[in-house]
Amino acid sequence: REMLTSGRWPARSPDQNVADLRAQIAANEKGVQELLSMCEYFGLDVVQAYMGHVKANAEEAVRRVISVLKDGCYRYRLDNGGVIRVAVR
């Protein structure tokens, strides 16, 4: 907690940040358990094949979305004064 509240840019909600990290760790541990269970039930080759299908489908979906974006420059101002700038060409 001290690491989150000290330093040049302290966290605004350190208790919430720590709770979020604990939840992410728990979710990852559950994911590991489920993957191991699927590998045991279906076999590693089948699970890897389906993972490949999911990745390929996601890639195609992103490519379709990107292909219809119009050229332009966009920016988003953050509450700390920073700016995120993106150019699509």
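Colleague: Quick one: which residue in β2 is the bridge partner of R77?
Modeller: V83 is the partner of R77 in β2. Bear in mind that this is a predicted model, where local features need pLDDT of at least 70, side-chain atom pairs count only at pLDDT 80 or more, and totals for chains, interfaces and linings use all residues. Residues are numbered from 1 along each chain as its sequence is written, and side-chain values use heavy atoms, with hydrogens and water left out.

Colleague: How do β1 and β2 pair?
Modeller: β1 (residues 72–77) and β2 (residues 83–88) run antiparallel, over six bridges. Strands are DSSP E runs of at least two residues, helices H or I runs of at least four, and pairing takes at least two DSSP bridges. The two strands form a hairpin with five residues between them, and G81 in the turn has a positive phi of about 95°.

Colleague: Why does β1 lie largely in the open?
Modeller: Because zero of its six residues are buried (under 20% relative accessible area; exposed is over 50%, partly exposed in between, with a 1.4 Å probe and protein chains only).

Colleague: New topic: where is Y41, and is Y41 buried or exposed?
Modeller: Y41 sits in helix α2 and is exposed, at 67% relative accessible area.

Colleague: How many aromatic pairs are there?
Modeller: One: Y41 and F42, edge-to-face, 4.7 Å centre to centre with 85° between the planes. Ring centres (six-membered ring for Trp, alongside Phe and Tyr) must lie within 6.5 Å; planes under 30 degrees apart are stacked, over 60 edge-to-face, the rest tilted.
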